[in-house]
Amino acid sequence: MKQRILSFAALWSILGLSLLIFGVHAGVVIIAALAFVTQLELYQLFEKMGLTPMKRFGLAAGAVITLGSYYLGGVDSGNDLFVLCFVLLTLNIIRRDLLAGRLRSFMPTLFGLLYVPYLMHFLIKTVKLAEAEAILPGGGTATGIFLAVWIVAVAKCADVGGLLVGMQIGKTPLSVISPKKTYEGAAGGIVFSMLIGVLLTAIFSQYVPEGFTWWLAALIAIPIGVASIASDLVESAFKRQAGVKDSGTIIPGIGGIFDLTDSLILTAPLGYLLFKYTVF
């Protein structure tokens with residue numbers, strides 16, 4: 001537990017310093033790098049299940065989607081790039097002959113591309129949305145960074161809060177997929193998410209868009225927290241199917257990169273949609 005907390009603090013320090021020094025470009029690169037390794041670890045889990053994803057193509061396409069969603073076009077460029085990658089993947093499968101059994105590669109490759117880089121690119125899309133809605137050119141970048149970090153912080157606090165509360169008072173199992181998770185822990189995690197959501201809007205009020213009030217922050221944090229827990233359970237299901245405890249060993253006390261980003265995958269698109277239809 002101590003190692004987990006130290007790793008958690010170190011990662012947030014690295015993120016904060018990177019954004020402070022390099023701005024939005026650091027955020028884009030960090031998200032792209034996390035998505036790349038997460039997608040790789042997911043493909044490795046698939047291989048342990050007996051599937052054969054086309055790792056090189058999938059990882060290259062994922063990098064194009066995440067980086068291109070900011071640097072190539074407007075708010076919807078990520079969607080366009082995903083469609084392009086899907087077409088190229090289909091053509092590649094046809095070239096390598098569907099009758100030769102390559103369909104076993106097509107589905108896991110496509111799912112990995114959709115589930116990790118495409119969904120995670122919505123964090124970058126949140127920044128693009130704020131920039132597009134800003135009155136002055138480039139004036140929404142700081143707000144967009146704040147909103148993206150807000151989603152990440154709220155999602156991760158559901159995970160951390162759920163762990164802390166669950167260790168103290170957790171009794172009722174939440175799912176057979178992850179026996180250590182409890183309903184009490186999940187409720188505590190959502191409360192933690194609400195608290196951090198309100199706290200961040202108060203501390204960084206200069207970056208908060210008009211209309212994103214403290215009560216709206218608390219309200220939006222609830223579905224974000226629920227999605228974070230669900231996203232974590234999805235990864236747990238993959239690991240159980242693959243017969244492994246962690247997706248990797250790169251982060252002390254946490255495991256692999258997928259073990260770090262699991263709670264962000266479903267929360268990234270949900271956070272984007274909630275901001276799009278309630279704030280902007």
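Which helix supplies the largest share of the lining of the largest pocket? The views below take up this point and others. This is a predicted model, where local features need pLDDT of at least 70, side-chain atom pairs count only at pLDDT 80 or more, and totals for chains, interfaces and linings use all residues. Residues are numbered from 1 along each chain as its sequence is written, and side-chain values use heavy atoms, leaving out hydrogens and water.

**View 1. The largest pocket holds about 960 Å³ of space.** A pocket is an open set of points on a 1 Å grid over the protein atoms alone, where a 1.4 Å probe fits, with protein on both sides within 12 Å along at least five of seven lines. Its volume is the space filled by probe spheres set on the points, which are joined across faces, edges and corners. Lining residues have an atom within 4 Å of a point. Here they number 34, with R4, S178, K180, K181 and D232 nearest the centre.

**View 2. α8 gives the largest share of this lining, seven residues.** Helices are DSSP runs (H or I, at least four residues), numbered from the N terminus. α6 (141-169), α7 (183-203), α8 (214-242) and α9 (257-265) each supply at least two lining residues. The lining of the largest pocket has twelve nonpolar, ten polar and twelve charged residues. Ala, Val, Leu, Ile, Met, Phe, Trp, Tyr, Cys and Pro count as nonpolar; Asp, Glu, Lys and Arg as charged; the others, Gly among them, as polar.

**View 3. The second largest pocket has a volume of about 570 Å³.** W12, G16, L19, V149 and F204 lie closest to its centre, among 17 lining residues.
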